[in-house]
Amino acid sequence: MENEVHEPQLELFKTEKNNGKVDLTSTFADNMKLPIHRWYRYTAGFSGPWVRELISTENGQNVLDPFGGSGTVMLESEFAGINSIGIEAHPYVFRIAKAKLSWKIDPQEFKDSARKLLSQAKEKNITKSKYPKLIEQCYPKEIIEKLEALKQAWFESNDNTELKELNWFVITSILRTTSPVGTAQWQYIQPSKTKGRVLDAFLAFEAKVYDMAQDMQNMQRKYPNASNSEVYMEDARHMPSVPDAWADLVITSPPYANNYDYADATRLEMTFWGDIEGWGDLQDKVRQFLVTACTQHVTKLKDKADEILDSPLLTPIRAEIKAVFNELAETRLTRGGKKNYHLMIIAYFNDLAKVFHELRRVTKSGCTVCFVVGDSAPYGVYVPVDKWLGELAISAGFDSYEFEKLRDRNTKWKNRKHRVPLHEGRLWIKG
Ligand SMILES: C[S@@+](CC[C@H](N)C(=O)[O-])C[C@H]1O[C@@H](n2cnc3c(N)ncnc32)[C@H](O)[C@@H]1O
């Protein structure tokens, strides 16, 4: 994979000292020590403690996350006992968030249902011999058969939806730890690499259920007055489930304009469950619902560039974005990959402009909106992401914006083909 622009999502929220202050936006890795948050390693996520602090300092009562991901904001809002709504457009990530938000169900009931599923899986005699190529690349026969047995038992189970989704979550969350090939969580699959430690599928299932039930029990005791959040599989550009003037605080992080393909990142899991047959299905099943943030997304936009550039939504940044578009269109012709970054960039800002208009509808006057964002430089052409997003927010009806830099990026990246300094931080939008 070419790494021209793509900074691994892993790097996005790293804890760093900034002028002696610890950056609380932090990495999702911190969440791996925290009950419930740790159920699923979503490296595109930000840290629970940072969200907690923001909710309390900003005194949010109705909190919205339009790019909800694995549910960090909703979980912390529940612990704090305040209202929250999350929107997530990726069908697989939505299910992950929804399952984590089931932490309040009876842990004993969950354990009983999971154990029943496991014992039914152990009884199965798997005769199936052909699996999708990716699955065969990722697992030897004896492991595939155990996972297949769990999957078949899951399809046959007639538990209620919430329990069934939690069991789906357990099976899904062991898919990477049970594969001996390179399948680092929330990364592209690397069938040519091998992992040192692999867990037996049935043991991994049992251990995961045990850990989750422990967390449920502890957190239910700790937060007896937790609130109930809502999460919807909708598009941040159009969120019909969020009432007008509902949110007083928005905490979020959109996909960065850095060519990370959120759809491809879940190919293993979606293939395993039969949601997709191969890479070609990702566009229809996932990417079309997401904001444009990778070049795989834009092949069909070739004839629409002028229309997008003339869109009234881009008025406040039109001159600047046209200049960047033209420079990228020229630069790509000199590069081997000929990547369509010029199309990706205009589609990205057009999409985010729609998000700001929708956010204006669903936020109260005087609200605070916090976007964790990073800038980018495809083919070494600088894109001032925070400034442009701020301008688009003002044009959508917000009063002011200010960027608070948290850290520099692209300072240690050895393989990069450009040396443009990049940064990451919080874009504060008010009004
Ligand atoms: C940086 S991640 C957010 C992670 C989240 N803060 C967490 O802690 O888990 C961005 C998320 O936006 C989602 N997304 C992309 N396009 C979207 C859209 N149009 N509407 C809603 N969500 C979208 C992606 O699937 C991804 O989960």
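Phe-371 has Leu-427 as its bridge partner in strand 11. The model is predicted, so local features need pLDDT of at least 70 and side-chain atom pairs count only at pLDDT 80 or more, while totals for chains, interfaces and linings use all residues. Residues are numbered from 1 along each chain as its sequence is written, and side-chain values use heavy atoms, with hydrogens and water left out. Helices (H or I, at least four residues) and strands (E, at least two) are DSSP runs, numbered from the N terminus.

Strand 9 spans residues 363-374. Nine of its twelve residues are buried, so strand 9 is largely enclosed by the rest of the structure. Buried means under 20% relative accessible area, exposed over 50%, and partly exposed in between (1.4 Å probe, protein chains only). Strand 9 runs antiparallel to strand 11 (residues 422-430), and seven bridges join them. Two strands pair if DSSP finds at least two bridges between them. Strand 8 (residues 247-252) runs parallel to strand 9, with five bridges. Here Val-250 is partnered by Val-369 of strand 9.

Strand 4 (residues 83-87) is also largely enclosed by the rest of the structure, because four of its five residues are buried. Four bridges link it in the parallel sense to strand 3 (residues 62-65). In strand 4, Asn-83 is the bridge partner of Asn-62. The chain passes from strand 3 through helix 3 to strand 4, and this β-α-β crossover is right-handed. That is, with the strands pointing away from the viewer, the path from the first strand over the helix to the second runs clockwise. Strand 4 also pairs with strand 7 (residues 230-232), in the parallel sense and over three bridges. Gly-86 has Val-231 as its bridge partner in strand 7.

Helix 4 (residues 91-100) is mostly covered, with eight of its ten residues buried. Among them are Tyr-92, Phe-94 and Ile-96.

Helix 9 (residues 201-222) has 22 residues. From first C-alpha to last it reaches 31 Å, close to the 32 Å expected at 1.5 Å a residue. The expected span is 1.5 Å times one less than the number of residues. Its buried residues include Phe-202, Phe-205, Val-209, Met-212 and Asp-215. Seen down the axis, the buried residues of helix 9 fall within an arc of 160°, so they line one face of the helix. The arc is that of the directions from the helix axis to the C-beta atoms. The face turned away from the buried side carries the exposed residues Leu-203, Arg-221 and Lys-222. Helix 3 (72-80) and helix 5 (107-123) are among the elements that cover the buried residues of helix 9. Asp-200 caps the N-terminal end of helix 9, with a side-chain oxygen 3.1 Å from the backbone nitrogen of Phe-202.

Asp-215 lies in helix 9. Its relative accessible area is 2%, so Asp-215 is buried. Its side chain reaches the backbone nitrogen of Ile-36 at 3.1 Å. Not counting residues up to four places away in sequence, Asp-215 touches Pro-35, Ile-36, Arg-38 and Trp-39 (contact means heavy atoms within 4.5 Å).

Most residues other than glycine have a negative phi. Ala-245 has a positive phi near 45°. Ala-245 sits in the loop between strand 7 and strand 8 and is partly exposed at 41% relative accessibility. Tyr-379 has a positive phi of about 50°. Tyr-379 is in the loop between strand 9 and helix 15 (385-395) and is buried, at 5% relative accessibility.

Note on methods:
Polar contact = N/O pair within 3.5 Å; in protein donor to acceptor, adjacent residues only side chain to side chain.
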